[in-house]
Amino acid sequence: MPTEYEIKKMLRRLGVKTTNRGYSFISYGVSLTLKDKSYLEYITKTLYVDIASNFNTSGSCVERDIRTTVEAIWNTDDTELLLELCDGVSMPRRPANKKFFEMMYDYFTRIPDNSTDRLYAELPAGFSCSKLGEPCSQLQTVYDELLRLRKENERLTKLVQDLQNKK
């Protein structure tokens, strides 16, 4: 099962700023749904309440901040990443919050656990800032892009093979 770190990393790739309250609400909410899918049935009465309780706020604030964050995500220029999130189905308009949580749930349950090619893997050991000894954000960005390109290459290779098999 994906960690909250991986969920947050996906949100950052979708353009969500870490200072956005919806960022924390969504990452926590997705981690709850991954532990218990029943949260997706009645998000207003279950999911929002538990998120609000965890962050000491109201359910209406949680709903509004998530809606605003999803709107910002849908206004991103990274349509390729949105297509990946939507499992290849184009969605021209912002989904409702419930649909967005369902899409995030589906996305993270499609990724096999313990996959060596996990798209959102952390940097390998040794990829750290030489001065501070901490993980380097620039190297992380390059590494993330390499992993994204590897996944895209696999997708295109499969597409070409499928086309050749149809001939």
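**Exercise 1. Aromatic rings**

Which residues form one aromatic cluster with Phe-25 in this predicted model, and how many aromatic pairs does a search of the whole structure find?

*Solution.* Start with the cluster: Phe-25 is grouped with Tyr-28 and Phe-55. Next, widen the view. Searching the whole structure gives 5 aromatic pairs. One of them joins Phe-100 and Phe-101, with 6.4 Å centre to centre and 75° between the planes. A pair counts as edge-to-face when the planes are over 60 degrees apart, so the Phe-100 and Phe-101 pair is edge-to-face. Tyr-107 and Phe-108 also form an edge-to-face pair, at 5.1 Å centre to centre and 85° between the planes.

**Exercise 2. Buried or exposed?**

Decide whether Phe-100, Phe-101, Tyr-107 and Phe-108 are buried or exposed.

*Solution.* The cut-off to remember is that buried means under 20% relative accessible area. Phe-100 has a relative accessible area of 0%, so Phe-100 is buried. Phe-101 also has a value of 0%, and therefore Phe-101 is buried. Tyr-107 and Phe-108 are both buried as well. For the chain of 167 residues, buried residues make up 36%.

**Exercise 3. A closer look at Thr-33**

Where is Thr-33 placed, and what does Thr-33 touch?

*Solution.* Thr-33 sits in helix 2. Its relative accessible area is 0%, so Thr-33 is buried. The side chain of Thr-33 reaches the backbone oxygen of Val-30 at 2.8 Å. Leaving out residues up to four places away in sequence, Thr-33 touches Tyr-39, Leu-40, Leu-47 and Tyr-105.

**Exercise 4. The whole chain**

How many helices and strands are there in the chain?

*Solution.* Count the elements and you get 7 helices and 0 strands. Read from the N terminus, they run α-α-α-α-α-α-α. Now take the contacts between residues at least 6 apart in sequence: 57% of them join residues at least 24 apart.

Note on methods:
Residues are numbered from 1 along each chain as its sequence is written. This is a predicted model: local features need pLDDT of at least 70, side-chain atom pairs count only at pLDDT 80 or more; totals for chains, interfaces and linings use all residues. Side-chain values use heavy atoms; hydrogens and water are left out. Helices (H or I, at least four residues) and strands (E, at least two) are DSSP runs, numbered from the N terminus. Buried means under 20% relative accessible area, exposed over 50%, partly exposed in between (1.4 Å probe, protein chains only). A polar contact is a pair of N or O atoms within 3.5 Å; within protein, one must be able to donate a hydrogen and the other to accept it, and residues adjacent in sequence count only if both atoms are side-chain atoms. Contact means heavy atoms within 4.5 Å. Rings of Phe, Tyr and Trp (its six-membered ring) pair if their centres lie within 6.5 Å; planes under 30 degrees apart count as stacked, over 60 as edge-to-face and the rest as tilted.
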